[in-house]
Amino acid sequence: MAKIFTWNQLFSRRQFIKGAAGTVLGASAGLGLLAPGKTFAGSSSSIPADSAESRGIKKVTTICEQCVWRCGVIARVENGVVKKLEGNPDHPNNVGKLCPRGNAGIETLYSPDRIKFPLIRAGARGSGLWRRASWDEALTYTAGQMKKIKDKYGAKAMMFNSTDNLSQPLFEILLKAYGTPNYGTQRSLCFNAMTTGFYYTYGVPQPGTDYKNCKYMIFAGRNLAEGISNNETQEMIEMIARGTKVVVLDPRFSKTASKATEWLPVRPGTDSAFFLAILNVIIQEKLYNQDFITTYTQGFDDLVQEVKEYTPEWAEKKCEIPGATIERIAREFAAAAPAAIAHPNWRTSNFKNSFQTERAIAVLNALIGNWAKPGGLIPDQEINTAKLGVLSHPPFPPAQGMRLDGVPWQYPLVPLSYGVIQTMRDNILTGKPYEAKGWLISRQNPILSIPERQKTINAFMKLDFVAVIDIQASDTAYYADVILPESSYLERYDGLVPIGDKIFIRQPVIEPLYDTKSSLMIYKELADKLGLGDFLPYKDERDLLAKQLKPYPISLDELEKAGHYVVPNFQKDYSKDFEFQTSSGKIELSSSIMAQMGKKAVPTWDEPPRPSQGHYYLLTGKTAQHSQMFTQNNRWLLEVFSENRAWLHTSVAAKLGVKTDDKVILESDVGKVTIKAQVTEGIRPDCIFMVGGFGHVSKGLRSAYKLGASDSALHKTVTDPLSGGSALSETFVTVSKA
Amino acid sequence: MTVRMGFVIITSRCIDCDACMVACRAENDVPIGKTRNWVKSSGVQGEFPKVKEVFQPGNCMHCEHPPCVSVCPTGASQKRADGIVIVENSKCIGCKYCITACPYDARFANPETGKADKCTFCLQRLEQGLKPACVQTCLGKSRHAGDLNDPESVVAKLIAKYPSRQLLTYVGTGPNIYYIDEVVPEIPEGK
């Protein structure tokens with residue numbers, strides 16, 4: 001009988017803890033993988049290579065994974081130990097800089113809480129009792145359960161979830177080969193409203209923004225100082241330093257707001273009133289670009305009719321921004337055109353009406369004709385990205401059955417690749433339209449990310465089988481039946497990343513510290529055990545990468561050494577910039593698809609709910625020092641952001657008799673948490689804000705366990721029927737002194 | 001002219017992301033619970049909605065007249081010829097006089113070594129021609145370091161062009177961090 005361990009016992013077993021730097025897994029591990037001579041970054045590196053080899057020092061160029069932005073990293077490795085990470089100056093996503101999270105990647109690698117070998121559950125689900133398994137046993141067990149589910153209930157009873165990682169294309173191949181329609185990204189918790197809003201206006205889900213030439217920027221949900229997207233954050237700082245006028249709509253005084261020209265503490269859920277009134281002024285005063293509208297758009301007359309009633313005076317009553325301010329901003333914005341942008345944002349106010357907000361923003365940009373103009377919106381770069389070699393594999397079996405997440409049968413406008421993860425969770429519980437039985441989750445933490453945490457845990461409890469791939473015991477891994485431990489990003493390869501005319505590589509900086517594997521190999525070996533090996537036809541990671549690199553005259557060895565490859569004579573093609581992939585081929589001020597569905601086709605006002613007496617809006621957002629639910633166990637980052645607090649306006653705190661760091665109880669319709677208060681003048685008195693991602697329930701995250709409070713324990717499940725976006729801010733709470 | 005190493009910090013470019021603090025921890029093996037540098041916030045000032053918040057990064061000021069050096073009984077705390085203030089570990093007896101003497105609270109007792117610990121200007125990097133880790137990683141180009149006496153340096157050019165201030169000048173330490181609060185549209189080219 002195999003020995004059973006609790007988490008604490010697992011982690012305290014000395015033989016699996018990283019040896020003191022350079023002893024147990026020292027020089028031989030680090031240097032053995034890649035001969036030092038071929039691992040130095042290109043000459044453009046900011047770190048000179050001088051006589052480093054003789055001192056056991058090497059530098060390896062790779063890609064960060066402390067968030068999803070994929071910044072370029074140059075790692076300094078001394079005698080097999082990663083000592084320093086620095087930004088790669090040749091990488092467009094960060095041009096030489098790393099954010100706090102990127103700098104803290106070393107702690108992610110050497111965390112004592114890494115999962116060090118495959119684990120199979122040895123007690124009740126969620127009990128935290130495990131036994132060690134070999135890779136062969138863990139993969140055989142996983143594949144066996146997946147086969148059993150497929151044989152008994154059909155492939156559709158198995159769900160596959162993964163979020164934005166470099167090997168996701170291979171994960172998608174695995175799930176399609178298996179034959180399930182049930183694929184869950186976490187996009188519906190993020191920016192479905194933006195991507196669908198822009199998709200149904202421009203045929204482009206996420207246009208870029210030309211910060212470098214922009215003269216007037218309105219942010220209504222892109223907090224780049226705290227939601228760091230490295231190069232964009234840098235560009236924002238330069239833009240502000242250059243004197244660009246920056247208007248921030250946010251009920252909370254964010255750090256972006258503190259750097260902006262103007263902060264407008266908008267009432268939550270009413271951003272679209274602000275934008276509809278801007279449209280009203282621009283149309284009334286004929287400040288739009290008539291030629292652009294005539295040539296490239298459709299539906300202007302309908303828009304004129306619709307926005308007639310949305311006067312600044314009307315909007316002031318809704319959004320509590322003075323009508324005169326709205327008028328002034330409309331005029332200033334139009335005067336700066338086309339070097340003016342109403343930013344597409346990521347999440348806006350997170351209400352059901354966010355789709356309408358995003359549509360109004362998309363249409364506003366169109367009225368001033370900033371598309372493909374300096375300082376305006378940048379068309380999709382898809383066609384201007386170098387193409388990788390592709391693997392050939394047998395045709396996929398047809399995916400049979402409706403999707404559990406309601407796409408498209410409940411959410412006809414939501415693209416299949418986005419999905420609606422909160423509905424997937426709900427339908428596990430309802431058993432409609434059929435019972436889900438198994439879940440394979442790769443690097444995703446639905447227990448902490450989806451609203452109503454308790455419901456998500458209940459859904460897990462209902463399933464026959466749950467397998468999780470992760471580097472650490474996320475809350476979701478904690479409730480799994482089997483954990484397949486992934487190597488950290490500094491120990492593994494992933495699929496190659498083309499950006500424009502460059503191809504970048506994530507490669508191991510050191511050999512894996514523990515008995516872990518790359519996702520590429522976990523997917524591959526799982527496919528083999530499922531009898532689906534032909535779909536992932538590669539021997540190992542380097543074999544796959546060499547195939548991806550095949551169209552180009554460079555070897556994988558050379559790419560590893562240089563860190564990236566520039567495709568010679570790459571011609572950017574701008575000829576399709578004005579071929580809009582919409583039903584009409586034009587920018588749709590009036591959406592054909594909305595019209596077909598019998599909905600109002602132009603942006604319109606949709607009255608949001610507001611808290612009743614004694615209740616507050618609950619707002620959640622980011623901090624620069626943490627990524628979603630992933631980094632709260634990173635001790636270096638806890639040094640700079642130790643836990644989340646509930647922001648209370650001074651007047652609210654005074655009423656409660658609460659000071660900063662006193663504990664308060666927040667209670668919504670679905671949950672209750674205790675959290676420290678942060679008393680501030682930087683928030684509307686009708687709102688309470690907390691940073692998301694804290695309040696972990698996994699005892700395997702020993703630093704983060706029970707630290708702060710989880711927003712998902714409070715969030716109600718409210719879904720925008722158009723975009724599928726989770727309307728997180730339609731949760732209202734009471735607050736009391738603990 | 002003698003070399004006078006120091007920092008220029010443009011507060012208007014700081015977003016309080018704390019990358020400088022994490023980069024320093026990695027570069028200098030700073031133990032958990034201690035830090036050699038910081039980003040201080042003014043807190044949200046004013047009354048809703050007329051509020052503001054300012055961020056002020058800092059570290060050892062590498063003072064002209066460093067009180068940490070004068071109180072050191074063993075000569076471990078030293079001001080180098082280039083102006084950088086260091087602790088020579090082999091001479092430090094861990095008496096903590098210097099920690100008390102620093103008006104900027106820039107020093108701490110390293111729990112692992114028992115010695116006084118502080119910003120070294122990343123000497124090990126300077127020797128390789130690299131910028132200090134905090135400067136290298138700064139997303140907003142808020143932090144700059146170099147020879148304040150060299151008119152061709154970025155720091156000297158910034159001080160020449162923009163009004164700057166130092167902290168606690170009245171205590172007479174002659175701090176070598178100069179703060180610029182104004183908007184700086186472009187960082188000058190320089191050493």
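What percentage of the 738 residues of chain A count as buried? In this predicted model, the share of buried residues in chain A is 59%. The secondary structure of chain A consists of 25 helices and 28 strands. Chain A has a radius of gyration of 26 Å, close to the 27 Å given by the globule rule for 738 residues, and is therefore as compact as a globular protein of that length. The C-alpha trace of chain A extends over about 75 × 60 × 50 Å along its principal axes. Among the contacts in chain A with a separation of 6 or more, 73% are made by residues 24 or more positions apart.

Chain A also touches chain B. In this interface, 38 residues of chain A are in contact with 31 residues of chain B. On the side of chain A that touches chain B, at least two residues each come from β4 (81-87), α3 (100-103), α8 (230-242), α9 (255-259) and α24 (635-640). The most is given by α8(A), with six residues. By residue class, this side of chain A comprises 17 nonpolar, twelve polar and nine charged residues.

In chain B, helix α1 covers residues 19-28. Ten of its ten residues are buried, so α1(B) is largely enclosed by the rest of the structure. The buried residues of α1(B) include A19(B), C20(B), M21(B), V22(B) and A23(B), and C24(B), R25(B), A26(B), E27(B) and N28(B) are buried as well. Just after α1(B), D29(B) adopts a positive phi of about 50°.

Methods:
Residues are numbered from 1 along each chain as its sequence is written. Chains are lettered from A and ligands numbered from 1 in the order in which they are written. This is a predicted model: local features need pLDDT of at least 70, side-chain atom pairs count only at pLDDT 80 or more; totals for chains, interfaces and linings use all residues. Two residues are in contact if their C-beta atoms, placed from the backbone, lie within 7 Å. Helices (H or I, at least four residues) and strands (E, at least two) are DSSP runs, numbered from the N terminus. Ala, Val, Leu, Ile, Met, Phe, Trp, Tyr, Cys and Pro count as nonpolar, Asp, Glu, Lys and Arg as charged, and the others, Gly among them, as polar. A residue is buried if 20 or more other C-beta atoms lie within 10 Å of its own, exposed if 12 or fewer, and partly exposed in between; C-beta atoms are placed from the backbone. The radius of gyration is taken over C-alpha atoms; the globule rule is 2.2 Å times the number of residues to the power 0.38.
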